[in-house]
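Here is a set of questions and answers for someone meeting this structure for the first time. Each answer works towards the name or value that was asked for.

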Amino acid sequence: MEKSLFLSALLPFMLLLGFFNQDNTTVNETAVYLEDVSQKPLAEELKCSDCHSDLIESAVVHGPASQSCDNCHNVDIKEHAENGARGLNLVKEVPELCYTCHEEIKTDLSSLPQVHLAMNSGCTSCHSPHSSDEKNILVAQQKKLCLSCHNKDVTATGEKTVNIKKLLSYSKVVHPPVEGGCVVCHQPHASQNNYLLISAFPKGNYVPAVRDTFAFCWECHDSDLLEVAQTTSATNFRDGERNLHFVHMNGPKARSCIMCHNVHASANEHLIEDKVKFGNWELPIRYIPNENGGSCFPGCHAEKTYTR
Ligand code: HEC
Ligand code: HEC
Ligand code: HEC
Ligand code: HEC
Ligand code: HEC
Ligand code: HEC
Ligand code: HEC
Ligand code: HEC
């Protein structure tokens, strides 16, 4: 029977801990357990999970990790248990390792026009390869995970960007789907659409007032708010029956939704922005809602009031 140098090095340490923590059963059990495994013929009986079971104990276990560690690691168990850790010994580097079974993700990244820059930091910045308490073996709760990077005022390429975490922290009104997380609206890896959205939404302030231009919003809202000139029901943004969404959005040069709304959150009712960017100019909107309508006094026209 072979005596493990690796384990005998650990054993006194564990026993020492046990001595100082008489009530700590975990530590004592570990000491006894290590004594046990050190008596085993290592090559034959030890399994990876004898020492690493914590990696696959969380609620959502990655299929290949519950099946066999060999799917991804090339570890000689005898050598490893005797001499200690000698690197990860992955059969391939991430992300190629992941692509061996998730080829469709590789295809998405090479075929879709919008790729999330976070993909550059590899798959394991968001997924555990082993197990996690979160759906899709995410390393943190989905919204928290997104906000752990989207908490900056400057992009990776040095441009100014929306600090979504800060925006959410001071906003009074949050767009309800944002409460449920970010992937309700965004795709995490890559997308056919601008801003990694699940469907089409334009870039820019002025865009054609065609239904499909704003397909994304119609995933949840009724496109009548854009298409019907006179209405008593399609929108509350109306003066009498005159649809003011329609007034602002018709023809080839309509104002996009984001000229008035913040799609994530805002300090104002109805997700109305304080200011909208116009090149280098920040145009104030000065929106004041009231029970039966509201008023605004934006940089582009005199103060106007609407009453339903
Ligand atoms: C799907 C591939 C895959 C499988 C299957 C897998 N691992 Fe890993 N393992 C990885 C990757 C990738 C890393 C590096 C993680 C990182 O970069 O954060 C890793 C890291 C580790 C580490 C370093 C510590 C840590 O938590 O990151 C240990 C220990 C480990 N794996 C053990 C195991 C054991 C034991 C099994 C079987 C129960 C196993 N792995 C199965 C891919 C895998
Ligand atoms: C006798 C206990 C024991 C067994 C059995 C064991 N390991 Fe480990 N392993 C350890 C310890 C201790 C470490 C170092 C601490 C840590 O990272 O958890 C380690 C570290 C690792 C690491 C990380 C190495 C690094 O450089 O960070 C990997 C990967 C790993 N083990 C994989 C495996 C795989 C795969 C198996 C089964 C083929 C296995 N281990 C079996 C005890 C064991
Ligand atoms: C920025 C974080 C992030 C990165 C980086 C990331 N993912 Fe994901 N991934 C997610 C999220 C979030 C989901 C869940 C999406 C949902 O619930 O709709 C997901 C879902 C998945 C799924 C299951 C659903 C599907 O699309 O098939 C797989 C498989 C997957 N990711 C693999 C990968 C691989 C492989 C990589 C690296 C090439 C990677 N992911 C990188 C965040 C990420
Ligand atoms: C040996 C094949 C294999 C490798 C390698 C592999 N996966 Fe998987 N993966 C699977 C299978 C099979 C499933 C679906 C079954 C499951 O997880 O229970 C899956 C599911 C997933 C899911 C979805 C889990 C869920 O809850 O639905 C994610 C995310 C994922 N893998 C990410 C990764 C990442 C990241 C890597 C690289 C570190 C990777 N996979 C490497 C086989 C693999
Ligand atoms: C590891 C860091 C990281 C994580 C985690 C992360 N992102 Fe990103 N994301 C980036 C980087 C880097 C960019 C490029 C712009 C920048 O630097 O802010 C970006 C850009 C974006 C963009 C803008 C894309 C465009 O084309 O305009 C969206 C939308 C986005 N991320 C959504 C998400 C969502 C949703 C999640 C959670 C599933 C998430 N991000 C998690 C790093 C991350
Ligand atoms: C209701 C759908 C929706 C939800 C939920 C949502 N977003 Fe967005 N997001 C959008 C739309 C639409 C845009 C593009 C218009 C804009 O920039 O305001 C966008 C743009 C972005 C951008 C790019 C900003 C830029 O200036 O390029 C980032 C980063 C982003 N979202 C991150 C997130 C994060 C992180 C979450 C979760 C906390 C999230 N989003 C939740 C709809 C959504
Ligand atoms: C995933 C579903 C979803 C998508 C996509 C979505 N919304 Fe919403 N939105 C909601 C829900 C749910 C509410 C709250 C109930 C309501 O007012 O319809 C809401 C409310 C709003 C409100 C506030 C209503 C008020 O009076 O307070 C505005 C403004 C708004 N959405 C604009 C947009 C715009 C602009 C888009 C497209 C860029 C969009 N939404 C895309 C689900 C969505
Ligand atoms: C010119 C500014 C402006 C533009 C552009 C604009 N909205 Fe609005 N929107 C408003 C105002 C103001 C309200 C609040 C109406 C009220 O309740 O008094 C509103 C309300 C809403 C509501 C709440 C329900 C309703 O209709 O009253 C939704 C949803 C909405 N807008 C979606 C959109 C979408 C989608 C777009 C782009 C296709 C868009 N808005 C473009 C100003 C605008």
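Ala, Val, Leu, Ile, Met, Phe, Trp, Tyr, Cys and Pro count as nonpolar here, Asp, Glu, Lys and Arg as charged, and the others, Gly among them, as polar. The model is a predicted one.

Q: How many residues of the shell around ligand 7 are nonpolar?
A: Ligand 7 is surrounded by 16 residues, and the closest are Pro177, Cys217, Cys220, Cys257 and His270. Sorted by class, this shell has four polar residues and one charged residue, and its nonpolar residues number 11.

Q: Which helix gives the largest share of the shell around ligand 2?
A: There are 15 residues around ligand 2, of which Cys48, Cys51, Cys69, Val75 and Ala85 come nearest. By class, they divide into 10 nonpolar, four polar and one charged. Two helices, α4 (48-52) and α6 (77-83), each supply at least two residues of this shell, and the largest share, four residues, comes from α4.

Q: Which elements each supply at least two residues of the shell around ligand 4?
A: Around ligand 4 there are 19 residues, and those that come nearest are Gly63, Pro64, Cys98, Cys101 and Cys123. The shell divides into 10 nonpolar residues, eight polar and one charged. The elements that each supply at least two of its residues are α5 (63-67) and α7 (96-99).

Q: What is the bridge partner of Tyr287 in β14?
A: Strand β13, residues 287-290, runs antiparallel to strand β14, residues 293-296, and four bridges join them. The two strands form a hairpin with two residues between them. Within this pairing, the residue of β14 that is the bridge partner of Tyr287 is Cys296.

Q: Which residues does Cys260 touch, leaving aside those up to four places away in sequence?
A: The largest nonpolar core has 14 residues, and Cys260 is listed with Ala209, Phe214, Leu226 and Met249 as those that touch the most other members. When residues up to four places away in sequence are not counted, Cys260 touches Ile272, Glu273 and Ile285.

Q: What is omega of the peptide bond that joins Val94 and Pro95?
A: Most residues other than glycine have a negative phi, and most peptide bonds are trans. Pro95 lies in the loop between α6 and α7. The bond joining Val94 to Pro95 is a cis peptide bond, and its omega is about 5°.

Q: Is Tyr195 buried, exposed or partly exposed?
A: Tyr195 sits in the loop between β5 (190-191) and β6 (206-207), and its phi is near 55°, a positive value in a residue other than glycine. Because Tyr195 has 13 C-beta neighbours inside 10 Å, it counts as partly exposed.

Q: Where is Leu271, and how does it count by its C-beta neighbours?
A: Leu271 has a positive phi of about 55° although it is not a glycine. Its place is in the loop between β10 (265-266) and β11 (275-278). Leu271 has 18 C-beta neighbours inside 10 Å, and therefore it counts as partly exposed.

Key
Residues are numbered from 1 along each chain as its sequence is written. Chains are lettered from A and ligands numbered from 1 in the order in which they are written. This is a predicted model: local features need pLDDT of at least 70, side-chain atom pairs count only at pLDDT 80 or more; totals for chains, interfaces and linings use all residues. A residue is near a molecule or strand if its C-beta atom, placed from the backbone, lies within 6 Å of it. Two strands pair if DSSP finds at least two bridges between them. A nonpolar core is a set of buried Ala, Val, Leu, Ile, Met, Phe, Trp, Tyr and Cys residues joined through C-beta atoms within 7 Å. A residue is buried if 20 or more other C-beta atoms lie within 10 Å of its own, exposed if 12 or fewer, and partly exposed in between; C-beta atoms are placed from the backbone. Two residues are in contact if their C-beta atoms, placed from the backbone, lie within 7 Å.
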